[in-house]
Amino acid sequence: MLLRMARPIQYLGIGFVVIVILGLAIAPFSKRLIEQWSRSDVEARSRLVYNAIQNPVVRAIADGDASRMSSIFEGVALDERILAVGLCDDGGRLLYPTRLMPATFTCDKVARSEAESFATIINDGRRIMVGAFPIVERNQKAYLVILTDLSFIDARSGEAQAFVVIALAGVAIAVAGVAAIFVIVLLRGWMGSLRRAIEDVRSGALPSTASGNKSSIDGQIKKLLSEIELGRETIRSEQIEWSPAALQKLLHKLLPGAEVLVVSNREPYIHNCNDGKISVQTPASGLVSALEPVIRACGGTWIAHGSGGADRETVDRDDKIGVPPGDPSYALRRIWITEEEQDGYYYGLANEGLWPLCHIAFVRPQFREADWRFYETINERFADAVAQEAKTENPIVLVQDYHFALAPRMIRQRLPKATIITFWHIPWPNAETFSICPWKERIIEGLLGSTILGFHTQFHCNNFFETVDRFVESRIDREHASVASGGHETLVRAYPISIEWPPKALVGQPPIDECRRQVRQSLGLAADTRLAVGIERFDYTKGILDRMRAVDDLLIRVPAWRRRFTFVQVAAPTRSKLSSYSNLQNEAVALAEDINARHGDGAYQPIRLLVRHHEAEEVFKLFRAADVCIVSSLHDGMNLVAKEFVAARDDDDGVLVLSSFTGAARELSEALIVNPYNTLEMSSALDVALQMPASERQERMRLMRLQVRERNVYRWAGRMLIDAAASRQRRRILDISEANHAR
Ligand code: G6P
């Protein structure tokens, strides 16, 4: 802004200087000009007088009539400019001088020539012009002398100079005025943007509540609406400060009256029965932790597998329950799945087939015909549930993840006008890899029943385009990021998922020092022990063994860390029925024991493996207590643990060691990015992290927090809703145009 202001001000300054220089140059020039003009004027007047009185003067000389001569001369001298008139005879005598003829004037000051002549004399400090005009009478020569006072010239040129100065000063003042107004206008604009920027920063630092910054959200959404209404679908989600309130407003304004239905395998609240008592558990699932705040904000119905031991006991006649428990804001509709179905659909096709197929973790995918049939059955069941739950013909259905690749098309068949937004939470492999899947065409066609299909990264979108191109008949429009197939168009876009901001689990957390103290005490560690944590499901894609090997390597290469450093791995058991998972657990336990045996002693255990589910509050306390968080996934769609660690650190401290094979690495570039397959690289990063100066830690963490705060999960959902609204509008226009053509 300042740079933009500098150039015009420069020009105005130059203009001002030029005017001053002009003024200085013009002043003497104008004086000379006026002197010349005035002299010619005086000469012309004298000449006029001479011509007018020449004949009467000649006659008076001839008649020797002195009194006539005097009266002629006095008459002429009445002119205000003419000072005196007289006649110089041939002998140099002054005859008939008028009353004001200066006493010092003598005829020898007059040039005696055949023609008129003019001379300037000074009398009493005044300049006087003497004009001499020859008069000839009978061979006698005389000169009519006309004296004109020139002091009026000085007054006139003084006035002219003053005029020039005033005029130029006026111009200069006008120029300065314009410059001042210009600067004020620019400065006001600049101050305005500065104020807005400060407001933005301020409001960002204090996240808005549901009722806060209402009018600004209103304004933003109105603007978005008008953009959409104008057919400009280029809404920049950066314009909005994303919060639950902003998301609600957006939904109500862009998609008025739309009902929201969520479909996922994992449910957000699981009821279990322990010792005759029912308890609620929130699962370790990135999908759930991202989506739950969104549906809390939007309301609606979440359709998911009722997997908890006490789930059936807690639902109503329609298999529904209001959640969150104690403060319900949406309905959870539970779908029942038999153990056999679960083995085929969930463990088999989804987790032994699609999960390893989509993750490059070198675990061989298993595809079984029977699993596929269960997969189809369960997808049908969920599609039926959507149709049952829908109160309108065009709900917004948010279909989640690889468990439901067939559901979008099935829902489309039941509710052709629904807006189906499918999000694939895991990576999408390249076409070559995907071609392993025996039902690749069916999976792609199923997904293409969606209105919008979202992935975490553009890279995964590109892989999907490539796969579609290879295996199904379709028209791919890469410019508009869409695939048309079977008369239906699907937008395929990248929507990087995130977490709520500020996270619910942060509420009520003790201060950082207290977390550090409590966690170290509960683990029996010395107060000054340096702590690294890893927190996730016990999944082979997470690189848990690899990070343990890195800890081992660090303790071998830098023995000084022994007894001063501990690594805590929280691993929630998951999919344990599958050998790929149970083997991993066994291997990890064995590796931890081995490392502890080699580097530890009775009291000191460098690796603490805590194999149990931790609720979000416990996880956040660990994050706050840690010096370092290690996320070493071998392949991960996004990885929300990395973002949760950043969100937990409201002290702007702590170092994140992050695998380059996570979607999160594209956003959190201030983390120490590592290749988890490279043990030395990871152990070196751990060493660097443990020694990093506080100022660097804080600088990195501040930038990452800014990123996660702005690109939170409300933005993730909001961007999809914006695209959904635009797509609905396009659909409406197409319907109208088709109806018109049909007439
Ligand atoms: C990943 C998947 C989710 C899944 C979560 C937990 O994040 O993308 O769909 O819910 O893992 O796995 P689980 O099988 O326990 O639901």
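**A hairpin and a ligand site**

In the hairpin of E10 and E11, six residues lie between the strands, and Gly326 there has a positive phi near 90 degrees. Before going on: this is a predicted model, in which local features need pLDDT of at least 70 and side-chain atom pairs count only at pLDDT 80 or more, while totals for chains, interfaces and linings use all residues. Residues are numbered from 1 along each chain as its sequence is written, and side-chain values use heavy atoms, with hydrogens and water left out.

Strand E10 covers residues 320-323 and strand E11 residues 330-335; they pair in the antiparallel sense over four bridges. Strands here are DSSP runs of E, at least two residues, and helices are runs of H or I, at least four, numbered from the N terminus. Two strands pair if DSSP finds at least two bridges between them. Ile321 stands opposite Leu332 in E11.

A polar side-chain atom of Asp401 is 2.5 Å from a ligand oxygen atom. For Arg575, the distance from a polar side-chain atom to an oxygen atom of the ligand is 2.9 Å. Arg537 has a side-chain N or O atom 3.3 Å from a ligand oxygen atom.

Methods
Polar contact = N/O pair within 3.5 Å; in protein donor to acceptor, adjacent residues only side chain to side chain.
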